[in-house]
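Reader: I have a model open on my screen and would like to learn how to read it. Could you walk me through its features one at a time?

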Amino acid sequence: MQPGGGQLCRQLDQFSGGNRGTSTRPTMKKRMGPGLLLLIFLLLAYMAMARREMPYEKFQRQHVDTSRSWEPDPNRYCNLMMLRRNMTVSSCKELNSFVHGVLAGVVAICSSEGTWHHGNFYYSNSPFPVTDCQTTGASLWPRCIYRGVVSHKRICVACTNEQPVHYALPSVCSGP
């Protein structure tokens, strides 16, 4: 036995409560677990807040439904989609339109498949299937109720860097 070995054993016994090897004291891993999880959660929350939705992404979320999340009843479709696309989080958005089609076709309005109207507004050369969703008189947040109307029409969008960033009422681009 090395000199001072007995003292080391006594210190270990004191530290472990006399139960060397069978300590009931929490390990470092267990003590750090909740703190580490909190740190990870806060980091993820910060990253989510820092990552703001870009205008083109917002346009996509609010106005493009490439899958046509099929619901044959336009009223039920609107109620489902307005909720699913987070447009009823803090209030009932009064009017919103969903364009049904291939995303590339909608984006092309800002270049080859659209006609410049004024400012940064372009009018689609071809009609798209569209579902217009409007709140009903019975809508009172948080219970937003929508009436849906399906049509086939040319659409008007504002573009930035050849990407749609705003869906405008047809009157903004009223044309031929």
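Reader: Which residues form a nonpolar patch on the surface?
Author: Patches are made of residues with over 30% relative accessible area and no salt bridge, where like charges are joined within 9 Å and nonpolar side chains (Val, Leu, Ile, Met, Phe, Trp, Tyr) within 5 Å. A salt bridge here is a side-chain nitrogen of Lys or Arg within 4 Å of a carboxyl oxygen of Asp or Glu. In this predicted model, L95, L169 and V172 form such a nonpolar patch, with about 220 Å² of accessible area together. Accessible areas come from the Shrake-Rupley method with a 1.4 Å probe, and for residues only the protein chains shown count as cover.

Reader: Is L169 buried, exposed or partly exposed, and where is its place?
Author: Buried means under 20% relative accessible area, exposed over 50%, and partly exposed in between (1.4 Å probe, protein chains only). L169 has 48% relative accessibility, so L169 counts as partly exposed. Its place is in the segment after β8. Helices (H or I, at least four residues) and strands (E, at least two) are DSSP runs, numbered from the N terminus.

Reader: Thanks! Before we go on, what should I keep in mind about the numbering and the values?
Author: Residues are numbered from 1 along each chain as its sequence is written, and side-chain values use heavy atoms, with hydrogens and water left out. As the model is predicted, local features need pLDDT of at least 70 and side-chain atom pairs count only at pLDDT 80 or more, while totals for chains, interfaces and linings use all residues.

Reader: What does the disulfide of C92 and C144 tie together?
Author: C92 sits in the loop between α4 (74-84) and β2 (95-100) and C144 in the loop between β5 (128-135) and β6 (146-153), so the pair ties together parts that are 52 residues apart in sequence. The S to S distance is 2.1 Å, and with -85° about the S-S bond the link is left-handed. C92 is buried at 17% relative accessibility, and C144 is buried at 15%.

Reader: And which handedness does the link of C110 and C159 have?
Author: That link is left-handed, with -80° about the S-S bond. The sulfur atoms of C110 and C159 are 2.0 Å apart. C110 lies in the loop between α5 (103-107) and β3 (114-118), and C159 in strand β7 (residues 156-160), so the pair ties together parts 49 residues apart in sequence.

Reader: Where are C156 and C173?
Author: C156 is in strand β7 and C173 in the segment after β8 (163-168), 17 residues apart. Their link is right-handed, with 40° about the S-S bond. C156 is buried, with a relative accessible area of 1%, and C173 is buried too, at 0%.

Reader: In what order do the strands of the open sheet come?
Author: Two strands pair if DSSP finds at least two bridges between them. Here four strands form an open sheet in the order β3-β4-β7-β8, with antiparallel pairing. β3 and β8 stand at the edges with a single partner strand each, so one side of each is left without a neighbour in the sheet.

Reader: How many bridges join β3 to β4?
Author: Four bridges join β3 to strand β4 (residues 121-124). To find the pairing on screen, look for G114, which stands opposite S124 in β4.

How values were computed:
Disulfide = S-S within 2.5 Å.
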